[in-house]
Amino acid sequence: MYVATSTAGGFATPFRLNDVIIRKIRGGDGGGGGRMRWCGCSSKSVVRIGRSGGSSTKSHAEKCEEWRRFDCERSGGGLRGRDGAVGTRMMPFASPKRSRSQPKRYPRCTPRSSGPQSRDTPPQRDTGIANEKDWGIDLLNESVNESGTNEDGSTWYRESGEELGENGYRCRWTRMGGKSHDGSSEWKETWWEKSDWTGYKELGVEKSGRNAEGDSWWETWQEVLHQDEWSNIARIERSAQKQAKSGKENAGWFEKWWEKYDAKGWTEKGAHKYGRLDEQSWWEKWGENYDGRGSVLKWTDKWAETQLGTRWGDKWEEKFFAGIGSRQGETWHVSPNAERWSRTWGEEHFGNGKVHKYGKSTTGESWDIVVDEGTHYEAQPHYGWADVVGDSTQLLSIEPRERPPGIFPNPLPPPPNGPDIPPS
């Protein structure tokens with residue numbers, strides 16, 4: 001069964017029901033019962049202020065889940081929203097059923113007596129940014145330039161080297177790849193680590209390939225440690241970009257993820273996503289900002305369209321600090337003949353158990369009320385500075401070049417992203 005649902009941080013394109021964690025959450029309707037709903041929010045660091053029930057008015061969580069999620073039903077191989085718009089179905093060449101944890105990646109550098117293992121499978125969608133240990137990066141300590149042929153006729157190569165530059169800059173890299181005996185499938189992968197005398201450190205991977213079915217893909221991952229030029233506070237940044245294209249269908253997808261953390265608790269996270277399948281396309285953008293002192297901003301904007309001209313979408317934003325803040329959003333739909341429907345809504349949280357709720361739609365409905373209701377939001381990220389430091393041991397252990405006495409680093413910006421290696 002396929003569903004469209006929202007995840008922590010934003011809206012995900014359709015995926016299997018098996019991939020969704022269902023929690024039983026007690027509703028705020030005062031009835032004392034529980035109900036099943038999709039939940040993508042972490043229960044950690046949730047702020048609760050004011051009264052948490054006793055009103056017949058639906059809670060914020062209930063209304064948000066209603067307005068931020070298309071009620072889906074199977075229809076014509078697709079998904080149909082409450083407004084009749086047909087949503088996207090699962091891309092046929094996406095990864096098989098799996099847990100929501102990061103996939104395990106196996107090291108490709110085998111003993112010198114054999115070549116690296118073939119990696120001719122596309123990246124997985126909606127898995128975010130992997131931890132460094134999932135990549136199994138193992139750079140060689142010597143310059144290597146070797147190649148060979150396997151028993152099945154497939155070929156492989158492996159190269160490694162080191163690039164040096166000013167200000168103590170060093171880039172160690174390993175590049176490997178291979179292709180099948182008939183050339184129908186091919187893969188390339190590059191690992192690198194960078195450092196200089198300013199304390200800049202970087203660990204990265206880039207991979208690409210194609211398989212016998214005609215699917216092609218490209219993926220890159222980076223992890224960086226540097227000192228902020230304005231505050232001199234240590235910062236770790238992680239990012240990932242992934243894209244894949246089907247060889248048999250008009251289908252493809254792209255994702256860009258990023259996370260930024262500093263030692264004082266400031267955190268920024270976000271993602272941009274795009275996908276298409278036959279006549280349907282969809283987009284998603286979301287972001288989270290935590291200032292480390294209790295202020296939080298979250299937002300999501302998602303939309304989709306068909307070649308016939310039907311478009312629909314949903315967006316929302318919330319801002320909070322010390323229990324006071326606001327939420328607002330809009331759900332909309334445009335038909336092929338340009339008829340537009342929309343519903344806008346908003347909430348003002350005063351921090352005293354009172355919430356002002358208001359909204360209207362193009363069909364004439366409207367509301368403007370003040371209710372007794374609790375305020376719930378995440379004041380801190382569920383994954384922060386301490387977590388990323390603990391998961392970045394390989395990055396932190398990169399050894400820079402030895403600096404001669406009397407030589408001091410120049411405050412130059414870090415080298416451009418990507419491996420400084422000879423073209424293949």
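Modeller: Before we start, two strands count as paired here if DSSP finds at least two bridges between them. Please also keep in mind that this is a predicted model.

Biologist: Thanks, that helps! How many helices and strands does the protein have?

Modeller: The protein has 424 residues, and 48% of them are buried. As for its secondary structure, there are three helices, and the strands come to 25.

Biologist: What share of the contacts between residues at least 6 apart in sequence joins residues at least 24 apart?

Modeller: A contact here means heavy atoms within 4.5 Å. Among the contacts between residues at least 6 apart, those that join residues at least 24 apart make up 51%.

Biologist: Now to the strands. Which residue of β11 is the bridge partner of Arg158?

Modeller: Strand β10 (residues 155-164) pairs with β11 (residues 170-179) in the antiparallel sense, over ten bridges. The two form a hairpin with five residues between them, and in its turn Asn167 has a positive phi of about 65 degrees. Across this pairing, the partner of Arg158 is Met176.

Biologist: And on the β9 side, which residue in the hairpin of β9 and β10 takes a positive phi?

Modeller: β9 and β10 run antiparallel and are joined by six bridges, one of them linking Thr149 with Thr155. Their hairpin has five residues between the strands, and the one with a positive phi, near 95 degrees, is Gly153.

Biologist: Let's turn to the aromatics. How many aromatic pairs does the structure hold, and how is the pair of Trp135 and Trp221 classed?

Modeller: The structure holds six aromatic pairs. The ring centres of Trp135 and Trp221 are 6.2 Å apart and their planes meet at 45 degrees, so the pair is tilted. The two residues are 86 apart, with Trp135 in the loop between β8 and β9 and Trp221 in strand β14. In short, the count is six and the class is tilted.

Biologist: Why is the pair of Phe320 and Tyr377 called stacked, and what is the angle of the planes?

Modeller: Both Phe320 and Tyr377 are buried. Phe320 lies in strand β20 and Tyr377 in strand β25, so the pair ties together parts 57 residues apart in sequence. Planes under 30 degrees apart count as stacked. The ring centres here are 4.6 Å apart and the pair is stacked because the angle of the planes is 10 degrees.

Biologist: Last one: how many residues make up the largest nonpolar core?

Modeller: Trp135, Ile137, Trp191, Leu203, Val205 and Trp221 touch the most other members of that core. Strands giving two or more residues to the core include β12, β13 and β14. Ile137, for one, touches Trp191, Leu203, Val205 and Trp221, among others. The number of residues in this core is 22.

Terms used: Residues numbered from 1 in each chain as written. Predicted model: local features only at pLDDT ≥ 70, side-chain atom pairs only at ≥ 80, totals over all residues. Heavy atoms only, no water. Helix = DSSP H or I, 4+ residues; strand = E, 2+ residues; numbered from the N terminus. Buried < 20%, exposed > 50% of the residue type's maximum accessible area, 1.4 Å probe, protein only. Phe/Tyr/Trp six-rings, centres within 6.5 Å; stacked < 30°, edge-to-face > 60°. Core = buried A, V, L, I, M, F, W, Y, C linked by side-chain atoms within 4.5 Å. Lists of a residue's contacts leave out its neighbours within four places in sequence.
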